[in-house]
Amino acid sequence: MPRQIPYIIANEGCERFSFYGMRNILTPFLLSTLLLFIPIGDRTTEAKHVFHTFVIGVYFFPLLGGWIADRFWGKYKTVFWFSLIYVAGHACLAIFEHNLQGFYLGLALIAFGSGGIKPLVVSFVGDQFDQTNKNRAKLVFDAFYWIINFGSFFASLLMPLFLRDYGPAVAFGIPGILMAIATLVFWLGRGKYVHVPPAAPNPDSFSSVARTALLARASSPSWHGLSRPGLVVAGFGALAAVVSLCMTPAWGFVIAACTALVLVLAFGGIGVSMQLERARGKHTDEAVEGVRSVLRILIVFALTTPFWSLFDQKASTWIVQANTMDSPLLSIFGWNFTLLPAQMQAVNPILVMLLIPFNNVALFPIMRALGITPTPLRRMGLGIALSASAWVVIGMIQLWIDGGDKVSILWQLLPYALLTLGEVLVSATGLEFAYSQAPASMKGIILSFWYLAVTVGNLWVLIVNAGVKNDVVGGWIASSGLSPIAFQMFLFAAFAAAVAALFALYALRYKMVDNYRKTA
């Protein structure tokens, strides 16, 4: 095992405590303090909008961090400097607890700093391995994900108490201190890391091959008389993106900009794939096949976006539901306590810490004994399906609440268990999948696209929330006999179930590759 791994793991544990410490109290803080000037009927919707906009930023900025690391600074320097921005963001949250602009500035800095380092720490772990010890990489990726949830568990358990008993300055200040410690620990290991240098300008880079493929003419028109049908498709995507941006006054900037980005990536990718063979000769066969591999990976990433739209709402929609539920008096070893709604999120990380070793020791060996190989794509597809089942259960609980009954907050344990099992199968596996499938020169950017899937998942949440405000949609929901929140829950469940079926079909066609380094 590489001796530098403990520094990275310790850094990740502290950083995740800092992130989840502030993230898991963000919705309660918005509802109880910062957004009190908003009418109570609109406050929940606005709090969800702010929360998911923040998450979109967190998972968008990996594109910037990955690009800077791959082309200029390298992973270590990028992580270090973005971490300092991250610390400054935490400081703003603690200082500007009652100032809307100052608090939003802190959220923006955290989104920028956290997003910038997010793909790099994962790929930095992978850089510490080569073909001689890659068999230990899965163990470390699991440990990496385990420590994330170790930090998240204590943050989810403690920060709601600090917010209630000591106020937001202390509750947001403690995560800032943990982030400063994380940065220090990462710096202390600087002399022990394997530093993979930034890639030199490459004429066979992904963007170069894609550009050549789109612009190259065919020797003779073949598709409705067009010599460059892929360029037409990509151009249509760009036009649709411009139309999306023009809808900013009606949709809001975040929805319009994210929709434009999705359209450019989707239609641009289709266009490149249609004409990719035209890049042969002008670029190496290895480069062309590398681009083909990236495009196939992006399809897998796109199919995981419904999972993220479901998973991230446990810190918004599920907390809103928990606020309407009864919390019974509990007793553990003579200690009596009542769970706060935000503390229910601690169920997720503690289950992750239990399920990761359970899967490796029991579930996966049993599957192999039955002749079922738990490939990464099979695990991810099953995880998406499990997330859909979790939302069916949470929707049934909402129907119970809407019926006027008093419902214990402990009923949320079942959907949390289903969602967490889905998370372990999708998220932990996805980190391993993304690194192993990415070409050597594209690992930082590919992992950035993995996190961009989370941005798109939260985009679906904003679109649905905005749609529910529409009078026509609202009337349709009312005629269904469901409350708006219950309708959304079943809608998201159906969305994830349908995509899980598509994921299973695509997984049958996907050919795995091995892109770990050949030598130390």
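Which residues does Glu423 touch, not counting residues up to four places away in sequence? The first legend answers this.

Figure 1. Glu423 sits in helix H18, residues 413–437. Helices and strands here are DSSP runs (helices H or I, at least four residues; strands E, at least two), numbered from the N terminus. Glu423 touches Tyr145, Asn149, Phe307, Phe311, Asn348, Val352 and Ala428, leaving out residues up to four places away in sequence. Contact means heavy atoms within 4.5 Å. Glu423 is buried, yet it has no salt bridge. Buried stands for under 20% relative accessible area, exposed for over 50%, and partly exposed for in between (1.4 Å probe, protein chains only). A salt bridge needs a side-chain nitrogen of Lys or Arg within 4 Å of a carboxyl oxygen of Asp or Glu. The nearest side chain of opposite charge is Lys314, 6.4 Å away.

Residues are numbered from 1 along each chain as its sequence is written. In this predicted model, local features need pLDDT of at least 70 and side-chain atom pairs count only at pLDDT 80 or more, while totals for chains, interfaces and linings use all residues; side-chain values use heavy atoms, with hydrogens and water left out.

**Figure 2. Tyr510, in the segment after helix H21 (484–507).** Tyr510 is buried, at a relative accessible area of 8%. Its contacts beyond four places in sequence are Arg296, Ile297, Val300, Leu377, Phe433 and Gln437. Take Leu377: 133 residues separate Leu377 from Tyr510 along the chain, but their C-alpha atoms are separated by 8.6 Å.

**Figure 3. The salt bridge of Asp312 and Arg23.** The closest N and O atoms of this pair are 2.8 Å apart. The bridge links distant parts of the chain, 289 residues apart. Asp312 lies in the loop between helix H14 (305–311) and helix H15 (317–322), and Arg23 belongs to helix H1, residues 5–23. Asp312 counts as buried, at 3% relative accessibility. Arg23 is buried too, at 3%.

**Figure 4. The salt bridge of Arg16 and Glu15.** The side chains meet at 2.7 Å, N to O. Arg16 is buried, with a relative accessible area of 4%. Glu15 is buried as well, at 3%.

**Figure 5. Arg292 and Glu277 in a network of salt bridges.** These two side chains meet at 2.3 Å, N to O. The pair links distant parts of the chain, 15 residues apart: Arg292 is in helix H13 (residues 285–303), and Glu277 is in the loop between helix H12 (253–275) and H13. Arg292 is partly exposed, at 28% relative accessible area. Glu277 is also partly exposed, at 44%. The network links Glu277, Arg280, Asp285, Glu289 and Arg292.

**Figure 6. The protein as the setting for these views.** The secondary structure comes to 21 helices and 2 strands. The C-alpha trace spans about 75 × 60 × 55 Å along its principal axes. Of the 520 residues, 54% are buried. Among contacts with a separation of 6 or more, 81% join residues 24 or more positions apart. By the salt-bridge rule, the count comes to 9.

Note on methods
Lys and Arg count as positive and Asp and Glu as negative; His and the chain ends are not counted.
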